Amino acid sequence: MKLFDVVEVSSALDIMKKNFRVDIKVESVSLVEGLNRYTSKDIKSKLNVPHFRKSLVDGYAVLVRDVFLANESNPVPITIIGESDMGRICAKILDTEEAVYVPTGGMVPENAEAVVMIEYTEKLSEDTILVQKGLAHNENIVEVGEDIKEDEILYKKGHRINERDLGVLAGANIKEVEVHKKLVIGIISTGDEILNQNEDISEAKIKDINAYVLYGQLSNISCKPIIYPPVKDNLEEIIELIDRANKECDIVLISGGSSVGKKDETVRAIQSFKNSKVLVEGIAMKPGKPTIIAEVNKKLVLGLPGHPLSCAFVVEAILKPFILSLFEEKSQRYLVCEFKYNYHKAKGREEYLAVDISEEGGKLLCTPILAKSSMIKHFANCDGYIRIDRDLEGIHKGESVKVNLF
Ligand SMILES: Nc1nc2c(c(=O)[nH]1)N[C@H]1C(S)=C(S)[C@@H](COP(=O)(O)OP(=O)(O)OC[C@H]3O[C@@H](n4cnc5c(N)ncnc54)[C@H](O)[C@@H]3O)O[C@H]1N2
Ligand code: MOO
């Protein structure tokens with residue numbers, strides 16, 4: 001009877017990092033194509049944003065000292081010397097008790113000290129207003145470079161470009177960004193019972209869940225997943241498909257068949273390749289123990305557990321951190337919450353637990369979602385997950401825990 005010689009999660013990750021030096025190429029892409037991609041070098045702004053002093057409001061650019069004492073019962077008359085046109089240089093210079101009309105976003109005169117909103121003025125004649133409010137220096141003016149400074153590093157290498165970053169880059173006149181190329185990941189589902197998307201359920205067969213969860217998890221981190229048609233528990237067929245995927249992809253994932261069952265062929269299939277090495281057979285994590293880390297023709301081949309929850313957590317625990325290290329990304333979003341119940345776990349395996357977050361009395365509480373590893377719905381509905389150390393026996397009610405967010 002084969003028993004797993006398991007390694008810790010952190011060792012599994014180290015083994016992957018040490019053995020696989022995936023040479024990720026870089027490419028220049030347009031802003032929209034850059035969304036959710038990882039920058040391959042620091043991105044600097046070549047200009048100040050805004051590059052001219054502009055008004056935040058529709059109003060009159062004035063000198064502060066002229067209207068310092070103005071209020072509704074003591075309005076100050078000011079002479080309008082002209083208008084600033086949107087999108088055009090405003091070359092006017094203010095003299096004492098003079099104003100220039102400036103629309104929101106328009107350039108203010110070089111020596112303007114503040115802009116008074118129209119609402120706080122009254123038009124006395126074509127060229128005179130009464131200002132009814134005193135202003136502070138720079139009130140309603142956006143300074144040159146106040147948003148983004150010339151030469152400022154906008155993003156460090158390894159930053160994932162999010163939807164808000166697109167606005168920053170567009171505003172700074174950056175038309176293309178240098179990003180890491182997407183990693184091509186082959187996804188192979190194995191099992192006599194696994195049906196592909198077009199086949200209808202019959203007998204005790206099931207639809208392929210893992211390929212789709214994997215597709216989603218990996219697409220989110222700048223990978224290009226390729227779903228191969230599910231393959232039966234037939235050694236020759238599995239070998240043939242691994243060979244094809246190994247040639248076409250940077251990394252190959254095989255779900256199912258990684259355990260000890262009669263038909264669990266993943267290890268045998270990997271070992272049939274001349275240029276192959278099984279580095280890990282079993283990780284001390286729950287769920288996800290029957291995980292295989294192997295090398296075929298110098299490329300990473302990962303044998304993932306068939307149970308959908310286990311498969312998904314192995315990706316969270318080791319594959320995502322490995323891929324993100326290739327993209328040189330370090331951050332992981334998390335929240336610190338208070339655990340809502342006493343939770344017992346067996347020692348010996350690092351446990352991955354899906355949780356819900358709720359707010360009660362101003363506190364963030366997290367509740368474990370208990371689901372068998374063959375289930376997927378709860379994982380999809382949860383807010384995040386926690387890791388419980390291998391040597392801990394559980395978590396006490398009221399303890400602070402770090403919830404990794406999806
Ligand atoms: N005697 C033992 N049995 C099992 C052990 C063990 O240590 N001793 N480990 C259990 C654990 S833990 C897991 S996890 C699973 C892993 O099994 P395999 O990786 O060998 O996967 P299969 O046996 O092929 O399938 C397990 C389960 O998952 C379903 N499955 C497989 N692929 C998919 C897919 N693409 N989409 C949806 N569901 C899938 C499959 O139908 C099985 O129900 O082994 C335990 N058994
Ligand atoms: O360890 Mo298995 O991966 O619990 O279901």
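Guide: Let's start with a definition: a residue is buried if 20 or more other C-beta atoms lie within 10 Å of its own, exposed if 12 or fewer, and partly exposed in between, with C-beta atoms placed from the backbone. What you see above is a predicted model, where local features need pLDDT of at least 70, side-chain atom pairs count only at pLDDT 80 or more, and totals for chains, interfaces and linings use all residues. Residues are numbered from 1 along each chain as its sequence is written, while chains are lettered from A and ligands numbered from 1 in the order in which they are written.

Visitor: Okay, is Ile 376 buried, partly exposed or exposed?
Guide: First find Ile 376 in the loop between β25 (363-368) and α9 (377-381); helices (H or I, at least four residues) and strands (E, at least two) are DSSP runs, numbered from the N terminus. Ile 376 has 18 C-beta neighbours inside 10 Å, so it counts as partly exposed.

Visitor: Which residues does Ile 376 touch, leaving out those up to four places away in sequence?
Guide: Touching here means that two C-beta atoms, placed from the backbone, lie within 7 Å. By that rule, the partners of Ile 376 are Ile 209, Val 213, Pro 308 and Leu 309.

Visitor: And how many Å separate the C-alpha atoms of Ile 376 and Phe 406?
Guide: Along the chain, Ile 376 and Phe 406 are 30 residues apart.

Visitor: Which residues surround ligand 2?
Guide: A residue joins a shell if its C-beta atom, placed from the backbone, lies within 6 Å of the molecule. This shell divides into 2 nonpolar, 4 polar and 2 charged residues; Ala, Val, Leu, Ile, Met, Phe, Trp, Tyr, Cys and Pro are nonpolar, Asp, Glu, Lys and Arg charged, and the others, Gly among them, polar. The names around ligand 2 are Lys 286, Pro 287, Gly 288, Lys 289, Pro 305, His 307, Ser 310 and Ser 373.

Visitor: What about ligand 1: which residues are the closest?
Guide: Ligand 1 has 27 residues around it, and by class they are 9 nonpolar, 14 polar and 4 charged. The closest are Asn 210, Gly 256, Ser 259, Pro 305 and Gly 306.

Visitor: Where is Pro 50 found?
Guide: Here's another cis peptide bond, from Val 49 to Pro 50, with omega near -5°. Pro 50 sits in the loop between β2 (43-44) and β3 (54-55).

Visitor: Is Asn 173 buried, partly exposed or exposed?
Guide: Asn 173 is in the loop between α4 (163-171) and β12 (176-180), and its phi is near 60°, a positive value in a residue other than glycine. With 11 other C-beta atoms within 10 Å, Asn 173 is exposed.

Visitor: And is Glu 328 buried, partly exposed or exposed?
Guide: Glu 328 isn't a glycine either, yet it has a positive phi of about 65°. Look for Glu 328 in the loop between α8 (308-326) and β22 (334-339). It has 15 C-beta neighbours inside 10 Å, so Glu 328 is partly exposed.
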